Amino acid sequence: MAIGKRLNKAREGVDREKLYPLADAIKMVKERAKAKFDETIEVAINLGVDPRHADQMVRGVVTLPNGTGRMLRVGVFARGAKADEAKAAGADVVGAEDLVEKVQNGSIDFDRCIATPDMMPLVGRLGKVLGPRGLMPNPKIGTVTMDVTGAVKGAKGGSVEFRVEKAGILQAGVGKASFSEEKLVENIKALADAVSKAKPAGSKGTYIQRVAVSSTMGPGVKVEPGTILG
């Protein structure tokens, strides 16, 4: 009941049918982020795609200019000099066969997974474990790479992976409620720009159809799609 009352109060002043300019929407979301922890600010974008078709999949990675406010644990599958490079760059977990065995036994101590290309035959065995968690390394988003230092520092510095879901919805955390409005606007525009550039050839009609922002415990606020670009 207390949660219901809090949500109802947070929804006061939010017209659920109105589309707000991005800056106004961010201000409203921040004002309503009243939890006892620093809530994550999230954006949801409805895209004009059907991800069931391979030529309409939208996936990528973007480094947010102001970071995410979240410290990611990064795991790297690498050997030798590349393993040393990963450790020097700040990776939390580094290994080869030993790390594969740990993951197979259910120990996943990382939020982002990176692998060198030579490790993929081994890492491929972990598809059923890492895939459902969205952790499988993929060259399309820069997590299968010889540039281990760049990938680790990117993950630690605020890079965000995005991927459209079955219903054509893409969701991502773009910062914390403690961020300034300006920083959140910059982050969302950076995400929107990356999503726009990732428009697949198979997408027809309006690409970015609906947008909403919210905090972890707060109500969603609809945004004018045109205000998130540029």
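Predicted model: local features only at pLDDT ≥ 70, side-chain atom pairs only at ≥ 80, totals over all residues.

Biologist: Which residues of α4 are buried?

Modeller: In α4, which spans residues 97–104, they are L99, V100 and V103.

Biologist: What puts them on the same side of α4?

Modeller: The arc they cover around the axis is only 105 degrees, so they sit on the same side of α4. The cover over the buried residues of α4 includes β3 (74–77), β4 (93–95), α5 (120–123) and α6 (127–130).

Biologist: Let us take V93, in strand β4. Why does V93 count as buried?

Modeller: Buried means under 20% relative accessible area. V93 has 13% relative accessibility, and therefore counts as buried.

Biologist: What does V93 touch, not counting residues up to four places away in sequence?

Modeller: With those left out, V93 touches V74, G75, V76, L99 and D109. L99 is one of the buried residues of α4.

Biologist: On to α7. Which of its residues are buried?

Modeller: Within α7 (residues 148–157), V148, A151, V152, G154 and A155 are buried.

Biologist: And how do you know that they are on the same side of α7?

Modeller: Again from the arc: these residues cover only 160 degrees around the axis, which puts them on the same side of α7. The buried residues of α7 pack against β3, α3 (80–89), β5 (112–115) and β6 (159–163). After α7 comes G158, with a positive phi near 120 degrees.

Biologist: How are two packed helices described?

Modeller: By the angle between their axes and the distance between the axes. For α3 and α7, the axes come within 9 Å and cross at roughly 30 degrees.

Biologist: Why is α3 called roughly parallel to α7?

Modeller: Angles under 35 degrees count as roughly parallel. The axes cross at roughly 30 degrees, so α3 is roughly parallel to α7. The crossing of these two helices is right-handed.

Biologist: Which residues meet there?

Modeller: From α3, K82, E85, A86 and A89 meet V148, T149, V152 and K153 of α7. The residues of this contact divide into four nonpolar, one polar and three charged.

Biologist: What makes the charged group?

Modeller: Asp, Glu, Lys and Arg count as charged, and K82, E85 and K153 are in the contact, so they belong to that group.

Note on methods:
Residues numbered from 1 in each chain as written. Heavy atoms only, no water. Buried < 20%, exposed > 50% of the residue type's maximum accessible area, 1.4 Å probe, protein only. Helix = DSSP H or I, 4+ residues; strand = E, 2+ residues; numbered from the N terminus. Arc of directions from axis to C-beta. Contact = heavy atoms within 4.5 Å. Axes fitted to C-alpha atoms, helices over the stretch in contact; angles between N-to-C directions. Parallel < 35°, antiparallel > 145°, perpendicular 65-115°, else oblique. Left-handed = near helix turned anticlockwise from the far one by under 90°.
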